[in-house]
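Visitor: I have a structure to go through with you. Could you take my questions as they come?

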Amino acid sequence: MADKGSRKSLLINGLLCVLAFGLLGWTVWSNRAKIAEVRARNPDFRLIAAALSVYVTALVVTFARWHRLVMALELPFRFRDAIRLGFIGNVFNLVIPGAVGGDVIKAAFLCREQERKTQAVASMVIDRILGLLGLFVLAGVVGAFAWSEASPDVRKLIAFAWFMIAGGVVGLAVLFTPALYGPLLRLLAGRGKLEIIARELVTMASAYGKRLDVIALALGLAVVGHSLFVISFYLTNRALFGPEAPTILQHYLVLPLVFFSTAIPMPFGALGVTEQVSKSLFLNLVGFPSGDLSMLGYRVIMYTGGLISVIVYLANLEQVRQLKQEPAVTGEVLG
């Protein structure tokens with residue numbers, strides 16, 4: 001059964017890779033004239049270097065956000081470990097095709113070092129929720145300032161962002177209210193491990209409910225991190241297209257949804273799909289026809305920054321191998 005499951009997983013990952021590189025090939029082929037123009041224009045490599053620096057800084061900000069959320073639960077967790085695990089997870093998210101999600105790998109590493117494993121994993125779930133919420137906060141706040149000049153399509157995007165913000169706030173309020181877990185505790189009473197997990201979730205909810213300052217800080221760090229990713233993308237666009245690139249404000253309006261598409265479960269951060277999403281959004285919302293080529297340029301920044309992640313990954317390769325041989329740890333992560 002295990003071999004059959006492995007073959008099925010390998011087949012699915014292989015098909016996803018074929019699809020991803022097929023879409024990438026189509027993007028490159030359909031933009032071959034534009035790519036030639038960009039190469040002839042001699043891209044500004046100073047701006048590309050700046051974009052890379054901003055991108056790596058943004059990654060570190062996201063790792064710092066997770067570190068604060070873990071520390072709020074009073075779990076022993078050093079900042080340098082958050083950086084180490086963050087870069088290892090980034091390898092699985094961006095570099096290794098068809099691998100287990102970076103969040104699961106980070107959670108598995110963290111669980112090996114913590115006694116309260118459910119809370120450790122919960123911190124990562126909350127971190128992901130706050131990260132997505134930060135995207136919509138960024139789009140909503142920028143959209144509010146740009147509302148008077150926005151087109152009808154852009155206004156719909158802004159309204160959607162505020163709708164998601166409201167939904168996220170309500171969802172967090174529910175998660176951080178321990179009293180609402182009463183029915184779950186009664187349902188799982190006397191059921192061994194399930195009851196222990198439920199009680200840890202209540203403890204987590206209580207801890208975060210009392211530390212809303214940490215939640216606000218983490219959300220602020222999410223907005224800052226995404227803002228830096230947008231700036232990195234903008235600098236890349238300026239390096240490639242010069243004054244023809246959209247304005248920084250237009251990037252802030254469009255990119256939250258472009259970045260959201262990278263969460264699609266496909267190899268290399270939804271390679272190929274995100275390029276098409278970027279092309280459609282930039283063209284339809286701000287009239288820029290080369291959003292797919294812009295995303296390709298940003299991919300170069302992402303994967304160049306990923307080289308740092310690869311170095312950290314290789315330095316911890318033996319631990320990664322041990323982790324893959326410990327199904328019990330992965331089972332605890334997945335509940």
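Visitor: How many salt bridges does the structure hold?
Guide: The structure holds five salt bridges, where a salt bridge is a side-chain nitrogen of Lys or Arg within 4 Å of a carboxyl oxygen of Asp or Glu. This is a predicted model, in which local features need pLDDT of at least 70 and side-chain atom pairs count only at pLDDT 80 or more, while totals for chains, interfaces and linings use all residues. Residues are numbered from 1 along each chain as its sequence is written, and side-chain values use heavy atoms, with hydrogens and water left out.

Visitor: Which residue forms a salt bridge with Arg65?
Guide: Arg65 pairs with Asp127, and their closest N and O atoms are 2.6 Å apart. The pair links distant parts of the chain, since Arg65 belongs to helix H3 (residues 45-72) and Asp127 to helix H6 (residues 117-146), 62 residues apart; helices here are DSSP runs of H or I with at least four residues, numbered from the N terminus.

Visitor: And is Arg65 buried or exposed?
Guide: Arg65 is buried, as is Asp127, where buried means under 20% relative accessible area, exposed over 50%, and partly exposed in between, with a 1.4 Å probe and protein chains only.

Visitor: Which residues are linked with Asp81 in a network?
Guide: Arg78 and Arg84 join Asp81 in a network of salt bridges. For Asp81 and Arg84 the closest N and O atoms are 3.4 Å apart, and both residues lie in helix H4 (residues 79-94), three residues apart, or about one turn of the helix. An α-helix has 3.6 residues a turn, so residues three or four places apart point the same way.

Visitor: Why do Asp81 and Arg84 count as buried?
Guide: Asp81 counts as buried because its relative accessible area is 8%, and Arg84 because its value is 16%.

Visitor: What about Arg211, and which residue does it pair with?
Guide: Arg211 forms a salt bridge with Asp213, with 3.1 Å between the closest N and O atoms. Arg211 is partly exposed at 32% relative accessibility, and Asp213 is also partly exposed, at 47%.

Visitor: Changing topic, how many helices and strands does the protein chain have?
Guide: The protein chain has 16 helices and zero strands, and buried residues make up 48% of its 335 residues.

Visitor: Where does H14 bend?
Guide: H14 bends by about 25 degrees at Leu307, the bend being the angle between axes fitted to the seven residues ending there and the seven starting there.

Terms used:
Helix = DSSP H or I, 4+ residues; strand = E, 2+ residues; numbered from the N terminus.
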